[in-house]
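Thanks for coming, everyone. Let me put the structure up, and then we'll walk through it.

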Amino acid sequence: MRATLDEVARRAGVSRSAASRAMNNAPHVSPAKRGAVMKAAQELGYFPNATARALATSKVGSVVLVVSNEDPAFFADPFFSQIIVGIATALEKTELDLTLMLASPDDGRTRLERLLRSRRADGVMVLAMRKDDPLNQILAATDLPIVFCGRTLGRESRWYVDADNRGGARLATEHLLDAGRRRIATIIGPMDLEASVARYKGFAEAMAVVGLSSDWIAEADFTHEGGVQAMTKLLNEHPDLDAVFVGSDNMAAAAVRVLKAHGRSVPEDVMVVGFDDLAIAQQTEPTLTTVSQPIRALGLEMAMMLMRLIEGENPSPIILPTRLVVRESAPMPRMVSGAAL
């Protein structure tokens, strides 16, 4: 038979209310009493009833990470795993459980809507949100705190953690221009994602400063195969291109592969710069120059922001810095063999 809180209190030699406060990590409980209650609970095999705890603390003890994507390639991407590691790091010293929900299929959205209506979570984090996603309507109907990974097109996000996608893309393009490249193309991610739009804007801004067109564009889906198709398209349309800024490292690695298959030397004939600074950037031949964004920190800051919201605070949105990491696919100008310096 399951032990009760009254039995725990008797074993610990404290009142029932003190035992309840200790089990719920409430303040104003002495370390000695808290230790006695925890020891008694362990000996009796007691664990608090979730419903009773929710009534006592007005919290459920659970947060939800909503992913609006069901493509297996997305979950195989190291970007996703790094986000999870960041979130888990923030939550590991709390009593909050993390629930992952896929909200792309209709039944996934139905389950999420049911969970939010029943308030079986204290807050929500949202990843991979697209402009016209039906998830928007579900999230708009809840008063639970919501933190987004990145801003969302067509939606005013009050709380979000983002990377400086626009500034990072501008840095990448300026690096190619400083190396003397002028026939620069770009492979961008899906344009219903704010990150893709921001990276294209950064590219276009840098090109406009020197009076160059930013119209050599191919859109892909952040995957390796998408990068293959996009780079092939660009080569067919613009065979004289001499550089390409690519909106993800997975696509950039694919671009290098296609260029080499078409007899183009990287970086001598065509320079390539990616975005993310994933492990693959150091595994390509040549290694990838790329824009580094703090992916794990994105997850960490999302979870910390959500915890502050749960505690009644009103944090400001966060934009994390990006930086250029120079490697072999687009070296510094003085390192380019045969280049006019």
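Start with the largest pocket. It is lined by 34 residues, and Phe74, Phe79, Ala128, Leu193 and Phe222 lie nearest its centre. Some terms. We work on a 1 Å grid over the protein atoms alone. A cavity is a set of points where a 1.4 Å probe fits but cannot get out, while a pocket is an open set with protein on both sides within 12 Å along at least five of seven lines. Lining residues have an atom within 4 Å of a point.

Before going on, the ground rules. This is a predicted model: local features need pLDDT of at least 70, side-chain atom pairs count only at pLDDT 80 or more, and totals for chains, interfaces and linings use all residues. Residues are numbered from 1 along each chain as its sequence is written, and side-chain values use heavy atoms, with hydrogens and water left out.

Back to the largest pocket. Its volume is about 720 Å³. That is the space filled by probe spheres set on the points, with grid points joined across faces, edges and corners. Which elements line it? α5 (72-76), α6 (78-91), β4 (146-149), β5 (160-163) and α10 each supply at least two residues of the lining. Helices here are DSSP runs of H or I, at least four residues, and strands are runs of E, at least two, numbered from the N terminus. By class, the lining divides into 16 nonpolar, nine polar and nine charged residues. Nonpolar means Ala, Val, Leu, Ile, Met, Phe, Trp, Tyr, Cys and Pro; charged means Asp, Glu, Lys and Arg; the others, Gly among them, are polar.

Strands pair if DSSP finds at least two bridges between them. Angles run from 0 to 180 degrees between N-to-C directions, and axes are lines fitted to C-alpha atoms, for helices over the stretch in contact. Two bridges join β4 to β5, running parallel. Phe148 has Tyr160 in β5 as its bridge partner. Contact means heavy atoms within 4.5 Å.

Next, another sheet. Six strands again, open, with mixed pairing: β7-β6-β8-β9-β10-β12. At the edges are β7 (217-219) and β12 (323-325), each with a single partner strand, so one side of each lacks a neighbour in the sheet. Four bridges join β6 (184-188) to β8 (243-246), and these two run parallel. Ile184 stands opposite Ala243. Across β6, β7, β8 and β9 (271-276) lies helix α10 (194-209), at about 170° to β6.

How does α10 meet α9? The axes of α9 (165-178) and α10 come within 7 Å and cross at roughly 35°. The contact of α9 with α10 has seven nonpolar, three polar and six charged residues. Among those in α9 are Arg166, Arg170 and Leu177; α10 brings residues including Arg199, Phe203 and Met207.

Now Trp216, in the loop between α10 and β7. The C-alpha atoms of Trp216 and Arg183 are separated by 8.7 Å, and the two are 33 residues apart along the chain. Leaving out residues up to four places away in sequence, Trp216 touches Arg183, Ile184 and Leu241, among others.

Most residues other than glycine have a negative phi, and most peptide bonds are trans. Val266 and Pro267 are joined by a cis peptide bond, omega about 15°. Pro267 is in the loop between α12 (249-261) and β9. Glu285 to Pro286 is also cis, with omega near 5°. Pro286 sits in the loop between β9 and β10 (289-292). Arg119, not a glycine, has a positive phi of about 55°. You'll find Arg119 in the loop between α7 and β3.
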